[in-house]
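Visitor: I would like to walk through this model with you, one question at a time. Could you show it to me?

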Amino acid sequence: MVRSISKLKGYDRVINCMPDKSISVRAVLFNAFAVGRATVKNLLLSDDVLSAIACARALGASVELDGDTAVISGAPFGGATLDCGNSGTTARLLIGLLSGLNGKYTITGDASLSSRPMRRVTEPLARMGAKLADTDGRLPIAITGSRLHGIDYDMPVASAQVKSALMLAALNASSPVTVREPAPTRDHSENMLAAMGATVKRGDGTVTIEPSVLRSKDITVPGDISSAAYPICLALAVSGGKCTVKNVGINPTRTGLIDVLRDCGADIEFSNVTTDVEPSADITVRHGKLRPFAIDGALVPRLIDEIPVLCALACFIDGVSVVRGAGELRVKETDRIATTVAALKALGADAEATDDGMTIRGGKPLKFGEVDPKLDHRIAMSAAVAGAAGAGVTVLDADCASVSYPNFYGEVIGD
């Protein structure tokens, strides 16, 4: 689907935040494996989460959907061929979880997911005794469940998905697994596994999980700050813009976006703060003059998914904004350094790629242009934000946004 978006004359919206994709996938897979029956409310019904649900059912769990509520009855997993679609989270978590179970499994995915590297997950699992056969380091991956032993693993690159895969493998191992992170990453797996009865110990830059039995847990999924980033950045980019996004997850490992925007001078207000397995709040932002940003180091894992839309916002900030230390972007659904820069350049931005990041020289008026997001949902949505705040844009294959944000264009752009 091709979608043309016109320049917005103003922006003033109240938006119910899309449920968190990372937490939705985990809530489905963890409860599918757990003992008992759980109700998961406010589930994101995006393509990625539907892939996780399909995999859970193929493994033998019962998942009954009623709107955005799922009733999940866990079951012992049996051998299966599992199509993870475009969901890297689903694939990597299942590789870890299934490696220590009886049975034979095959993990597959779409063309985009099948091009993404998997050995950063499979190599440490192999050290634990996992029997895995990949396809030149990528999907499909064949798993023959085997007896695993614990490991003390120093992650070379900070990755919540790799950490989570090893934590899930630990549930069925003969001894604990300790993961050491070079920088803090999102801790949704730690929070949920602990709430479901797993023994999880956290230290300074480490997490240890002991062999454990999971018990089903009722969960209400909070809003996804990665989805909230699009209306937030759009409101800050449009003169006079204002936006309130309701029920946004504000887990501290995910709020790097807020830290960066506040450092830029953004007017940001939290209200209706609540706490459960994960904290949430309503977030209100108002347009004002912003300073350019510099993102690097330990901050990157806390906003890795929001970097493309932050770079779109940087086009409307006078001065030079810089992203460094974000080489992880090159192994996402696309090489997001290359695709972000290409998208912004197509709209007339002064953007330059570096080995591990980007430089955006903002304040230059944008032009109408055509963007090919290469089927990457975050590039499509970031291009839409830049175009709506700039001079308009035509987004090719725009419906790829449904991977994480169904009805993005209607709810956020108003088109």
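Visitor: How do the residues lining the largest cavity divide into nonpolar, polar and charged?
Guide: Happy to start there, with a predicted model in which local features need pLDDT of at least 70, side-chain atom pairs count only at pLDDT 80 or more, and totals for chains, interfaces and linings use all residues. Residues are numbered from 1 along each chain as its sequence is written, and side-chain values use heavy atoms, without hydrogens and water. On a 1 Å grid over the protein atoms alone, a cavity is a set of points where a 1.4 Å probe fits but cannot get out, and lining residues have an atom within 4 Å of a point. With Ala, Val, Leu, Ile, Met, Phe, Trp, Tyr, Cys and Pro as nonpolar, Asp, Glu, Lys and Arg as charged, and the others, Gly among them, as polar, the lining comes to four nonpolar, four polar and three charged.

Visitor: What volume does the largest cavity have?
Guide: A volume here is the space filled by probe spheres set on the grid points, which are joined across faces, edges and corners. Among the residues lining this cavity are Asp 20, His 188, Arg 254 and Glu 278. Its volume is about 40 Å³.

Visitor: Which residues lie closest to the centre of the largest pocket?
Guide: A pocket is an open set of points with protein on both sides within 12 Å along at least five of seven lines. The largest pocket holds about 490 Å³ of space. Of its 34 lining residues, the closest to the centre are Ser 159, Ala 160, Ile 304, Glu 328 and Lys 332.

Visitor: How many charged residues does the lining of the largest pocket have?
Guide: Sorted by class, this lining has seven nonpolar and twelve polar residues. The charged residues number 15.

Visitor: Why is the pair of Phe 408 and Tyr 409 given its class, and which class is that?
Guide: Rings of Phe, Tyr and Trp (its six-membered ring) pair if their centres lie within 6.5 Å; planes under 30 degrees apart are stacked, over 60 edge-to-face and the rest tilted. Here the centres are 4.9 Å apart and the planes stand at 80 degrees, so the pair of Phe 408 and Tyr 409 is edge-to-face.

Visitor: Is Phe 408 buried or exposed?
Guide: Buried means under 20% relative accessible area, exposed over 50% and partly exposed in between, using a 1.4 Å probe and protein chains only. Phe 408 has 1% relative accessibility, so this residue counts as buried.
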